[in-house]
Each structure stands twice: as structure tokens, then as C-alpha cells.
Amino acid sequence: MATDPSRRAAVLVLRSAAAGLTAAMGAIHLALWADGYRDLATVGSLFLLNGVLGCLLVVALLLTPYRRLAPVATATALFTAGTLGALFLSLTTGLFGFEESADAELVRPTIAVEAVDVLVLTTLAVVALSHGRRQRQPGEQRR
């Protein structure tokens, strides 16, 4: 079992990595939106929304108190997984009439960033959740 200082260090590393990866995901979507995706029906708006929500989630990851971090990390992991799923749909069957190419400039980096982000965020959520459960004594009421 990790000591309290080592657990705090691990959470800090996970939180920082998750925030950085989520920021990268948002930045990729905003860059693609600015580079012409904004002109695509439906998909363009979704790229802008993804970039803005990505920025908001980064702020939430960095500023949320530790005791409330698990739900924020979980929501961010689900959002990122959904974004990754949308990319796979656009690569295979198409999404809202748009089909992406695996050879497009940022497809492979996006897959890597989003997949690693989901793993880091899930780990962060589990660590934060397990820490909250460990702090309560058996039979102690939740406040």
C-alpha cells in the first residue's frame, strides 16, 4: 500500500498527465476546426464543442478538490472515450455524412492521445475513488 506522500505524488502525476492529454485532445480539435473542419456540416460544430469542452474539463481536472476528483476524472474519461469512438466511426462507417481517412495528418496522434488519456483518466478515477473509500472507517456514515 502506498504511503500518503507517495499516493499524493501519484495522484499529482496522474492529474497532471490527464490534464495535459485532455488539453492536447482539445487543442487538436480546435486546430482542425480552424484548419477547415469548421466548414463541415454538423462535424465542424462538434469539433468546436469538443475543443471548448476539453478546455473546461482541463480546468475541472486541475481545480477539483481531491475528494471530488473521481467523478470529474470519470466524466472526462467517458467524454474522451466518446470522442475516440466518434473518430473510429468516422474512419469506418462515417459520422454525420463525414468519412475521415486514416492517412489524415492528425488521425494517428489523436488516436494515441485519446487512448492514453482514457487509460490515465480511468486510473486517476480508480485511485481517487479507492482513496475516498479507504479514509472512512467501517460503519462510518458518509457525510
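**Helices and an aromatic cluster in a predicted model**

The accessible surface of the protein comes to about 8,500 Å², and 66% of that surface belongs to carbon and sulfur atoms. The model discussed here is predicted.

Visitor: What share of the contacts with a separation of 6 or more comes from residues 24 or more positions apart?

Guide: The protein has 143 residues, of which 36% count as buried. Among its contacts with a separation of 6 or more, the share from residues 24 or more positions apart is 71%.

Visitor: How many Å does helix α2 reach from its first C-alpha to its last?

Guide: Helix α2 covers residues 43–63, which gives 21 residues. At 1.5 Å a residue, the expected reach is 30 Å. The model comes close to that expectation, with a C-alpha to C-alpha reach of 30 Å.

Visitor: Within what arc do the buried residues of α2 fall, seen down its axis?

Guide: The buried residues of α2 are V43, G44, F47, N50, G51, G54, L57, V58 and L61. An α-helix has 3.6 residues a turn, so residues three or four places apart point the same way. In α2 the buried residues line one face of the helix, because seen down the axis they fall within an arc of 145°.

Visitor: Which exposed residues does the face of α2 turned away from its buried side carry?

Guide: Exposed residues have over 50% relative accessible area. On the face of α2 turned away from the buried side, the residues in this class are S45, L56 and L63.

Visitor: Is T76 buried or exposed?

Guide: T76 has its place in helix α3, residues 69–92. Leaving aside residues up to four places away in sequence, T76 touches T22, L57, L61 and L121; L57 and L61 are themselves among the buried residues of α2. The relative accessibility of T76 is 0%, under the 20% cut-off, so T76 counts as buried.

Visitor: Why is the pair of Y37 and F47 tilted?

Guide: A search of the whole structure finds 2 aromatic pairs. In one of them, the ring centres of Y37 and F47 lie 4.8 Å apart. Planes under 30 degrees apart would count as stacked and those over 60 as edge-to-face. The planes of Y37 and F47 stand between these limits, so the pair is tilted, at 45°.

Visitor: How many residues apart in sequence are the parts that the pair of Y37 and F98 ties together?

Guide: Y37 and F98 form an edge-to-face pair, with 5.8 Å centre to centre and 65° between the planes. Both residues are buried. Y37 lies in the loop between α1 and α2, and F98 in the loop between α3 and α4, so the pair ties together parts whose separation in residues is 61.

Visitor: Which residues do ring pairs link into a cluster?

Guide: Y37 pairs with F47 and also with F98. Y37 and F47 are both buried, as is F98. The cluster linked by these ring pairs consists of Y37, F47 and F98.

Visitor: What is the separation of the C-alpha atoms of L89 and E100?

Guide: L89 lies in helix α3 and is partly exposed, with a relative accessible area of 39%. Not counting residues up to four places away, L89 touches G94 and L95. E100 is 11 residues from L89 along the chain, and their C-alpha atoms are separated by 8.8 Å.

Definitions and conventions. Residues are numbered from 1 along each chain as its sequence is written. This is a predicted model: local features need pLDDT of at least 70, side-chain atom pairs count only at pLDDT 80 or more; totals for chains, interfaces and linings use all residues. Side-chain values use heavy atoms; hydrogens and water are left out. Helices (H or I, at least four residues) and strands (E, at least two) are DSSP runs, numbered from the N terminus. The expected span of a helix is 1.5 Å times one less than its number of residues. Buried means under 20% relative accessible area, exposed over 50%, partly exposed in between (1.4 Å probe, protein chains only). The arc is that of the directions from the helix axis to the C-beta atoms. Contact means heavy atoms within 4.5 Å. Rings of Phe, Tyr and Trp (its six-membered ring) pair if their centres lie within 6.5 Å; planes under 30 degrees apart count as stacked, over 60 as edge-to-face and the rest as tilted. Accessible areas come from the Shrake-Rupley method with a 1.4 Å probe; for residues, only the protein chains shown count as cover.
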